[in-house]
Amino acid sequence: MSERVVPVVIVGAGPTGLTAATLLAQYGVECLILERWEGVYAQPRAVHLDGEIHRIVAHLGIADEFATISRPCLGLRLLDRNMRVLTEFHRDPGPGVHGYPEANMFDQPQFEEILRANLKRHPKASLRGNVAVTGLTDDTPGTIRVDFTDRSTGVQESVQARYVLGCDGANSLVRDQIQATMRDLKFEQRWLVVDVATTADLGEWEGAHQVCDPVRAATYMRIGNTRYRWEFRLQPGETADDYRDMARLQPLISPWTQNTPLADLTLVRVAEYTFRAQIADRWRDRRVFLLGDAAHLTPPFIGQGMGAGIRDAMNLSWKLAGVLTGDLPESALDTYEIERKPHALALIRRAKLVGMAMTEGGELGNLIRRIVVPLLHRMPGLSDKIMDGETPALHRSTLIERPRLRRSRAGRLIPNPDLDRGRRFAEVVAGRFAVVTSLSPTPTQRTDIEQRGGTVLLARPGTDLHHWLHRARARAAIIRPDGTVLSSGNDLSAVCTTLPRFHTDHVPTFLTQ
């Protein structure tokens, strides 16, 4: 009997794997997730998502559920070793350019529970836990054999996949199987991560606090109504075992807990993490792809580690769906690494820079903390740049045209304004290609766009979309299913020549904003 063939097998059911599975299922692509653990890993890890990732969360259909477990972060405060404020950046807790708060604090296990529950709504996706993937074999044309073992029975099984997504974390077996290696970006620090629950009001400013100190750098964040996170850089010889109870932790957290009795503080978790900056030398081997921590490791100082993996899933899923349906050529999958790798590398370097500013010793570090940091908020436009959450443009590819125009938006995300009875841009477009234009298309142009599976959004003067086009010095733009601008220009006919054929189960509509 021949083995079952699944279009996509995903190894790993963390946020990246669950996001990829949900997005694929939304396009009607059958996928199977193989996960080592039976349920959600109970310990908290990531605690922050930016507005762009919140937008993807909404695309998954769980915006309301996520809102119940998250809280906006009010900005960033940098302090010296004596807890004096060096500088402070405030952030509006309301909706930002992506339609959601630009910084969102949450508890990862709760988030993963929501992702898993949502996945059950999609019959095309299935999750099998308590299995250990043991190998990948490319022995049949057009598929990859995935071998795995049921950890409860010891029975060995296998499945054939047209594509395999390695979302299996920093110690990725999939990465080893395709013989990719991690490039060390020269950053490694040991940190203590502490999670505490309390109903007491600590009375602290509800943004992120970062203590800049080469001896004991620290971070403090409120991540829920009753949950708090601290991170402290460990000194040589120290381990997490030195801080296994609240009495031993009290000297570290007392600048924030002050007179709160230790009996009112419940230690949820204390663990040691080694923060690293690494990126895989290649993210693909034919039908196998790496996503998330399997492809890149980001120090946590700008809160982009988990978000980078979710961006990977958003970038790759619609391309895979298009290739599997025959709308897009196989070469479209080449754009995944071309676009995502430089973007991930830029954020890793940004996180590394912030980490060094917090922890660098010697005269250089002292100079940065004493003179440069206190002046940051006075530099014109810098505060807005730090707080706006905008990430770098994606690299030019066959699915991103990057003309040599300074104001070109190609490679960047289109904003996500309200368009129709409270529905935002991403909800209206619903995973399709969109033509955003201030020029009324002819009936022939409209028919051609819809026959290719796209939709048209007419940007009337005075609307958010019209303002966006005007700032880009364009009258039309092609927007990809992931919200990225493919191309823009002033000639609607010329712009539409870049629109690929890409059909979904949604019926295209013509919407006037």
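In this predicted model, aspartate 482 is buried, with a relative accessible area of 9%, and its side chain meets that of arginine 480 in a salt bridge with an N to O distance of 2.8 Å. That pair belongs to a network of salt bridges that links Lys319, Glu339, Arg480 and Asp482, and a search of the whole structure finds 33 salt bridges.

**Salt bridges**

- Arginine 480, the partner of aspartate 482, counts as buried because its relative accessibility of 1% lies under the 20% limit.
- Arginine 81 forms a salt bridge with aspartate 213, in which the closest N and O atoms are 3.4 Å apart. This pair links distant parts of the chain, since arginine 81 lies in the loop between β5 (75-79) and β6 (85-90), whereas aspartate 213 lies in the loop between β13 (208-211) and β14 (218-222), 132 residues apart. Aspartate 213 counts as buried, at 7% relative accessibility.
- A salt bridge also joins the side chains of arginine 128 and glutamate 157, at 2.6 Å from N to O. Here too the pair links distant parts of the chain, with arginine 128 in strand β8 (residues 125-128) and glutamate 157 in strand β11 (residues 156-166), 29 residues apart.
- Arginine 128 is partly exposed, with a relative accessible area of 26%, and glutamate 157 likewise counts as partly exposed, at 28% relative accessibility.

- An open sheet of eight strands has the order β6-β5-β13-β14-β15-β12-β16-β19, and its pairing is mixed. The edge strands are β6 and β19 (296-297), each of which pairs on one side only.
- Within this order, β14 and strand β15 (residues 227-233) run antiparallel and are joined by five bridges. Tyrosine 220 stands opposite tryptophan 230, the latter being in β15.
- Helix α6 (residues 246-257) packs on the sheet, where it touches β12 (182-197), β13, β14, β15 and β16 (266-280), and its direction makes about 105° with that of β15.
- Helix α8 (residues 335-359) also packs on the sheet, touching β12, β13, β14, β15, β16 and β19, while its direction makes about 65° with that of β12.
- In general, strands of a sheet pair through backbone hydrogen bonds, and the pairing is either parallel or antiparallel.

- When residues up to four places away in sequence are not counted, proline 300 touches Glu231 and Phe275.
- Proline 300 and arginine 276 are 24 residues apart in sequence, and their C-alpha atoms are 9.0 Å apart in space.

**Leucine 458, in strand β23**

- Leucine 458 is found in strand β23 (residues 455-458) and counts as buried, at 4% relative accessibility.
- The C-alpha atoms of leucine 458 and isoleucine 479 are separated by 13 Å, the two residues being 21 residues apart along the chain.

Terms used. Residues numbered from 1 in each chain as written. Predicted model: local features only at pLDDT ≥ 70, side-chain atom pairs only at ≥ 80, totals over all residues. Heavy atoms only, no water. Salt bridge = Lys/Arg side-chain N within 4 Å of Asp/Glu carboxyl O. Helix = DSSP H or I, 4+ residues; strand = E, 2+ residues; numbered from the N terminus. Buried < 20%, exposed > 50% of the residue type's maximum accessible area, 1.4 Å probe, protein only. Pairing = 2+ DSSP bridges. Contact = heavy atoms within 4.5 Å. Axes fitted to C-alpha atoms, helices over the stretch in contact; angles between N-to-C directions.
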